[in-house]
Amino acid sequence: MPLTSPSPRARPRRTALAICALATLTACSIPPAPVGPDEHRRAASASGSPGSGRHLAVTLTFDDGLASQEAAVELLRRYGLTATFYIPSGLLGREGRMTADRVRRLAAAGHEIGGHTRTHARLTELPLDARRRQLCDDRAALTALTGTDIRSVAYPYDATDPATERLARECGFRHTRPRAALTVLDTTTPATLRHHATKGGTFVFHKICQAPCGRYAIDPKVLADFLTWLTAR
């Protein structure tokens with residue numbers, strides 16, 4: 001069975017979202033489905049349309065362990081939110097990357113830490129034994145660093161196949177980010193962010209920096225405005 005996240009419309013997710021709604025836009029755990037892999041995920045919950053009685057789960061994820069994401073960490077703290085940080089553990093401490101101590105403190109603050117391979121490898125281009133090392137060694141390093149059970153993995157470049165997913169399960173990962181997640185680019189508009197959130201979407205952020213600073217980036221002010229909009233829902 002592949003590592004997948006359930007559809008927001010699935011019965012287990014609807015029940016979970018009702019629980020998440022008790023603490024608006026704070027971290028909550030999605031209970032595992034009755035059958036299949038463990039789907040524990042960190043999420044922030046946002047209500048549906050006024051008076052609708054619906055509640056949606058918005059999941060914020062940050063990839064690559066980039067030092068510029070410190071701006072996002074401060075915004076999350078300000079709004080009382082937690083997120084998932086997918087970390088390539090072998091790159092920690094390098095220029096432009098988070099330090100190991102920073103990742104340890106993220107976990108201590110309640111953020112979920114997920115695997116992202118040791119060196120941000122495109123797994124489908126590697127032999128199976130190399131894929132296993134990338135996945136298992138990353139999970140082992142992050143587990144030792146944070147003292148937490150690392151259950152989630154995000155495949156760099158979204159490069160995966162059944163063999164890779166089997167290896168991820170064997171390494172101890174239990175779920176992955178949904179492929180319908182929105183990768184935020186420097187061209188992503190505030191309207192697009194809000195529209196995706198109203199569907200209960202998952203977001204993928206990379207660099208947090210003032211434009212222009214690359215394609216995979218969002219301006220801190222745009223992110224702050226988005227989180228302000230979310231918390232008002």
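## Terms and basis of the model

A residue is called buried when its relative accessible area is under 20%, exposed when it is over 50%, and partly exposed in between, using a 1.4 Å probe and protein chains only. By this scale C136 is partly exposed, with a relative accessible area of 22%.

The model is predicted: local features need pLDDT of at least 70, side-chain atom pairs count only at pLDDT 80 or more, and totals for chains, interfaces and linings use all residues. Residues are numbered from 1 along each chain as its sequence is written, and side-chain values use heavy atoms, with hydrogens and water left out.

## The chain as a whole

The protein chain has seven helices and eleven strands. Helices (H or I, at least four residues) and strands (E, at least two) are DSSP runs numbered from the N terminus. Of the 233 residues in the chain, 48% are buried.

A contact means heavy atoms within 4.5 Å. Among the contacts in the protein chain with a separation of 6 or more, 61% join residues 24 or more positions apart. T231, found in helix α7, is partly exposed at 31% relative accessible area. The C-alpha atoms of T231 and Y79 are separated by 7.5 Å, although these residues are 152 residues apart along the chain.

## The nonpolar core

A nonpolar core is a set of buried Ala, Val, Leu, Ile, Met, Phe, Trp, Tyr and Cys residues joined through side-chain atoms within 4.5 Å. In soluble globular proteins, nonpolar side chains tend to be buried together. The largest such core here has 42 residues, of which L60, F85 and F203 touch the most other members. Helix α7 (residues 220-231) gives the most to this core, with five residues.

When neighbours within four places in sequence are set aside, the contacts of F85 include F62, V73, L76, M98 and I113. Q69, H111 and E112 are also among the residues in contact with F85.

## Two helix pairs

Axes are lines fitted to C-alpha atoms, for helices over the stretch in contact, and angles run from 0 to 180 degrees between N-to-C directions. Helix α6 (residues 190-198) packs with α7 at an angle of about 35°, their axes 10 Å apart. L193, R194, A197 and T198 of α6 meet V222, F226, W229 and L230 of α7. By class, this contact has six nonpolar, one polar and one charged residues; Ala, Val, Leu, Ile, Met, Phe, Trp, Tyr, Cys and Pro count as nonpolar, Asp, Glu, Lys and Arg as charged, and the others, Gly among them, as polar.

The axes of α4 and α5 come within 9 Å and cross at roughly 40°. Among the contact residues are L135 and C136 of α4 and L167 and C171 of α5. The contact of α4 with α5 has seven nonpolar, one polar and five charged residues.

## The disulfides

A disulfide is identified as a pair of cysteine sulfur atoms within 2.5 Å, and a search of the whole structure finds two. One is formed by C136 and C171, with sulfur atoms 1.9 Å apart. This pair links distant parts of the chain, with C136 in helix α4 (residues 128-146) and C171 in helix α5 (residues 162-171), 35 residues apart. The link of C136 and C171 is left-handed, with -85° about the S-S bond. C171 is buried, at 9% relative accessible area.

C209 and C213 form a disulfide with their sulfur atoms 1.9 Å apart. The link of C209 and C213 is right-handed, with 80° about the S-S bond. C209 counts as buried, at 16% relative accessibility.
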